[in-house]
Amino acid sequence: MSGQRVDVKVVMLGKEYVGKTSLVERYVHDRFLVGPYQNTIGAAFVAKVMSVGDRTVTLGIWDTAGSERYEAMSRIYYRGAKAAIVCYDIKAQLFETSSKTGQSVDELFQKVAEDYVSVAAFQVMTEDKGVDLGQKPNPYFYSCCHH
Ligand SMILES: Nc1nc2c(ncn2[C@@H]2O[C@H](COP(=O)(O)OP(=O)(O)OP(=O)(O)O)[C@@H](O)[C@H]2O)c(=O)[nH]1
């Protein structure tokens, strides 16, 4: 086994626009480009050679497109993969819950209710007439936008 070359297929997974290509670009080319990368063919491949102990490991990284229109094609790229890096956007809020201990369960549902109330209040405010930036603030305006 010593000195052996190992090929490892890795797939990047996740919805579109979560930053899969940016992550690969940072790792492979050590750069970051502002704005989305255009992944027009459904997948891109890049190989990166590295050493792990006395082994030479070639990571064959398949960067799949997150768009649903490429979903069937992306599934083809999963085949034979030894690892998957699942990316998601932390703008989505994460709650680590335990149904066994009750950890963060109340907080999760409380946040759902709170978010609904604040979004619904904002919609009521903007739906009919839009937001008039020149209008005098009233108590309702302050209560939903400043807390
Ligand atoms: N601030 C910040 N922006 C990021 C980061 N990673 C990606 N982005 C931005 O997020 C957007 C989407 O990044 P992409 O790498 O194109 O996302 P993708 O998952 O490959 O998208 P698809 O190819 O459509 O599936 C771009 O505007 C990036 O500049 C990050 O770590 N921090």
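Because the model is predicted, local features require pLDDT of at least 70 and side-chain atom pairs count only at pLDDT 80 or more, whereas totals for chains, interfaces and linings use all residues. Residues are numbered from 1 along each chain as its sequence is written.

The protein chain contains four helices and four strands, taken as DSSP runs numbered from the N terminus (helices: H or I, at least four residues; strands: E, at least two). From the N terminus on, the order of elements is β-α-β-β-α-β-α-α. Of the 147 residues, 8% count as buried, that is, with 20 or more other C-beta atoms, placed from the backbone, within 10 Å of their own. Among contacts (C-beta atoms, placed from the backbone, within 7 Å) with a separation of 6 or more, 58% involve residues 24 or more positions apart.

The four strands of an open sheet follow the order β2-β3-β1-β4, with mixed pairing; pairing requires at least two DSSP bridges between two strands. Because β2 (43–52) and β4 (83–86) stand at the edges with a single partner strand each, one side of each is left without a neighbour in the sheet. Neighbouring strands are turned by 25° against each other on average, direction ignored, with axes fitted to C-alpha atoms.

Strands β1 (residues 5–13) and β3 (residues 55–64) run parallel and are joined by eight bridges; V11 has W62 in β3 as its bridge partner. Helix α1 (residues 20–29) lies across β1, β2 and β3 and runs at about 150° to β3, where angles run from 0 to 180 degrees between N-to-C directions and helix axes are fitted over the stretch in contact.

How values were computed
A residue is buried if 20 or more other C-beta atoms lie within 10 Å of its own, exposed if 12 or fewer, and partly exposed in between; C-beta atoms are placed from the backbone. Two residues are in contact if their C-beta atoms, placed from the backbone, lie within 7 Å.
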